[in-house]
Amino acid sequence: MKKILAAIAATFMLTAFSFAEGYICGNDLEKGQITEEKQEEDGFVLVGSVEKAMEVKKCDTRTVGDDTFTQCISTKGSGSPKKNERLITFPVKAGETVKILCNNSGSGSRPLHLYNADTGEEVKVIAAGSYKEGDVHIDSTKIDVAGTYGVYSTSGGMYIYKIEINK
């Protein structure tokens with residue numbers, strides 16, 4: 001009986017570690033400028049520099065379901081994976097979904113790029129609406145290939161409230 005219980009426990013543990021699930025949320029981060037690569041929980045990395053800083057800042061209160069956001073990660077402008085500027089990267093396992101809650105910091109719609117950081121391949125361009133003109137933009141994308149993925153803007157600042165990785 002003990003061997004059976006140990007086998008079941010081991011199976012549950014291996015299953016739990018086979019997914020990269022996690023999240024990053026502006027509410028959970030310390031406010032301030034991001035001027036270098038900053039490692040966060042669940043494998044998330046915020047990439048800013050002195051020349052191209054990002055910022056965790058107070059934002060207008062936004063509520064989505066049970067989540068109320070009072071802080072966000074601001075890209076403070078455009079980023080570039082080629083130059084390693086103004087990015088957020090994170091691990092994702094095959095079959096998981098990346099859910100991004102964001103708005104742009106200006107008006108109209110701006111692109112937020114979801115890309116595979118391992119290959120440089122763009123996965124999707126998300127047309128994020130303005131925080132001034134509507135609700136928080138929510139996008140979910142199922143990932144087929146395990147690896148490191150990331151997001152960046154190419155047309156001005158973006159407010160990222162939360163990125164979730166789920167089965």
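## Cysteines

Cys-72 counts as buried, at 0% relative accessibility, where buried means under 20% relative accessible area, with a 1.4 Å probe and protein chains only. Cys-72 takes part in no disulfide (a pair of cysteine sulfur atoms within 2.5 Å), since the nearest cysteine sulfur, that of Cys-59, is 4.4 Å away. Cys-25 is also buried, with a relative accessible area of 7%.

## Basis of the values

The model is a predicted one, in which local features need pLDDT of at least 70 and side-chain atom pairs count only at pLDDT 80 or more, while totals for chains, interfaces and linings use all residues. Residues are numbered from 1 along each chain as its sequence is written, and side-chain values use heavy atoms, with hydrogens and water left out.

## The open sheet

Strands here are DSSP runs of E with at least two residues, numbered from the N terminus, and two of them pair if DSSP finds at least two bridges between them. Six strands form an open sheet with antiparallel pairing, in the order β3-β4-β7-β12-β9-β10. Because β3 (38-39) and β10 (122-129) each have a single partner strand, one side of each is left without a neighbour in the sheet. Within the sheet, β7 (residues 87-92) and β12 (residues 147-153) are joined by five bridges, and Pro-91 stands opposite Thr-148 in β12.

## The nonpolar core

A nonpolar core is a set of buried Ala, Val, Leu, Ile, Met, Phe, Trp, Tyr and Cys residues joined through side-chain atoms within 4.5 Å. The largest has 25 residues, and Ile-88, Phe-90 and Ile-163 are among those that touch the most other members. Strand β13 (158-166) is one of the contributing elements, and β13 gives the most, with four residues.

Notes:
Buried < 20%, exposed > 50% of the residue type's maximum accessible area, 1.4 Å probe, protein only.
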